[in-house]
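Subject: Structure handover

Hi,

Here is the structure for your work. My notes follow below it.

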Amino acid sequence: MKRLWTYLRFNKTEQNGFFVILVIIILFSIVYSLVRRNDKKDPIAHQVRVFEQSFHDSTGLVDYPNKKFSGADVDSEEKVVAVQPGAESKKEGTKLFYFDPNNLPTDDWQKLGLSAKQIAVIKNYERKGGRFKEKSDVKKMYSINEKLYSKLEPYISIKKEIATASRTDKTTLLYDKFETSKAEQIDINICDTNALMSLKGIGAILAKRILKYKEVLGGFCRIEQLKEVYGVTSETYDLIKDNVMVSNLEGIKKININQIDANSLGKHPYLSPKDAKLIVNYRDQHGNYTNIEDLTKIGTLSDLAIAKIAPYLIFENDSR
């Protein structure tokens, strides 16, 4: 016995080492038991499952393995059985009936078998101004899948809206067309201020400006020249262009380019004083002009300026 006790006897250092090892073993056992207990709860897997369940509840879908999200079926708790109008389905409180999906009360959607999540999607669509104009528009809602739509489709009855606004617009257009055709065309070369004021958008001041510009110009050659009058905007011109005309071209005042002086020529709206002086100087140096092409020889007049002034010029031996 004493010999056995000799083998079991430890010195001070060995006793300290033994206690340290014992403490490590106990701590390891405690940590290991806690880890195993937490693994059994599997919190990550549980959270994933909760997320998946909430996702499918929001869309009204049933989880099908190895299938992409396609809205194949509605929530199994909200399935609808197709029956004749007014007949009860297998699920108590659910029946199909003829309905207009526009502004349909929530209670009626529930009677048709839709879940709260599905109804919320539809109501959100309506709050944003959405309207169901055709049956197929209901199918476009992502909360309404193919299977549910096929059951609801025979009962969808959308009321046709009366297009009062369109009818009013059409009436207005017909009235305007009648008034336009009724108005007589005005010759802007021989009319007075009263005649011009009968046109839309032309007041007393603008009518006087038009007549004043006609005098300075020597008469209108085409109605587009009205846009050169100060105050005649593009909108005003569009209003009156169908009711005006230029038919009296004989009354246009002509300028004899070979007799007029530079000061008088420079008063025409289409020529500046500098242009008029160049024209007269060239005539004095090279002789009289014989036709409109001679003005191109000056070199300083643009083709546009020559084209605009041409109807108002006459030359010696000109038949006009």
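Is Leu239 buried, partly exposed or exposed? Leu239 is partly exposed, with a relative accessible area of 45%. Buried means under 20% relative accessible area, exposed means over 50%, and partly exposed lies in between (1.4 Å probe, protein chains only). Leu239 sits in helix 11.

Some ground rules. This is a predicted model, in which local features need pLDDT of at least 70 and side-chain atom pairs count only at pLDDT 80 or more, while totals for chains, interfaces and linings use all residues. Residues are numbered from 1 along each chain as its sequence is written, and side-chain values use heavy atoms, with hydrogens and water left out.

Overview

The chain has 14 helices and four strands. These are DSSP runs, numbered from the N terminus: helices are H or I with at least four residues, strands are E with at least two. Of the 320 residues, 32% count as buried. The chain exposes about 22200 Å², and carbon and sulfur atoms supply 56% of that. Areas come from the Shrake-Rupley method with a 1.4 Å probe; for residues, only the protein chains shown count as cover. Take the contacts with a separation of 6 or more: residues 24 or more positions apart account for 48% of them. Contact means heavy atoms within 4.5 Å.

Cores

The largest nonpolar core has 40 residues. Such a core is a set of buried Ala, Val, Leu, Ile, Met, Phe, Trp, Tyr and Cys residues joined through side-chain atoms within 4.5 Å. Those with the most contacts inside this core are Leu196, Ile202, Leu226, Leu265, Ile279, Tyr289 and Leu295. Helix 10 (204–217), helix 11 (234–240), helix 13 and helix 14 (303–309) each give two or more residues to it. Helix 10 supplies the largest share, six residues. Leaving aside neighbours within four places in sequence, Leu196 is in contact with Ile188, Cys191, Ile202, Ala207, Ile210 and Leu211. Another core lies apart from the largest one. This other core has 20 residues, among them Leu104, Leu114, Val138 and Leu152.

Helix 13

Helix 13 covers residues 273–286. Its 14 residues should span 20 Å at 1.5 Å a residue, and its end C-alpha atoms are 20 Å apart, which agrees. The expected span is 1.5 Å times one less than the number of residues. Asp275, Ala276, Ile279, Val280, Tyr282 and Arg283 are buried in helix 13. Seen down the axis, these buried residues fall within an arc of 160°, so they line one face of the helix. The arc is that of the directions from the helix axis to the C-beta atoms. On the other side, Pro273, Lys274, Lys277, Asp284 and Gln285 are exposed. The buried residues of helix 13 pack against helix 12 (262–265). Gly287 follows helix 13, with a positive phi near 100°.

Helix 5

Helix 5 (residues 116–127) has twelve residues. It reaches 16 Å from its first C-alpha to its last, close to the 16 Å expected. Buried here are Gln118, Ile119, Val121, Ile122, Lys123 and Glu126. The buried residues of helix 5 pack against helix 4 and helix 7 (146–152). Gly129 comes after helix 5 and has a positive phi, near 95°.

Aromatic pairs

The whole structure holds eight aromatic pairs. Rings of Phe, Tyr and Trp (its six-membered ring) pair if their centres lie within 6.5 Å; planes under 30 degrees apart count as stacked, over 60 as edge-to-face and the rest as tilted. Phe99 and Trp109 have ring centres 5.6 Å apart and planes at 70°, so the pair is edge-to-face. Phe99 lies in the loop between helix 3 (43–59) and helix 4 (106–111), and Trp109 lies in helix 4, so the pair ties together parts that are ten residues apart in sequence. Both Phe99 and Trp109 are buried. Phe97, Phe99 and Trp109 form one aromatic cluster. Tyr213 and Phe220 make a tilted pair, at 6.3 Å centre to centre and 40° between the planes. Tyr213 counts as buried at 16% relative accessibility, and Phe220 counts as buried at 0%.

One backbone point

Asn103 is found in the loop between helix 3 and helix 4. Its phi is near 55°, a positive value in a residue other than glycine. At 54% relative accessibility, Asn103 counts as exposed.

Best wishes
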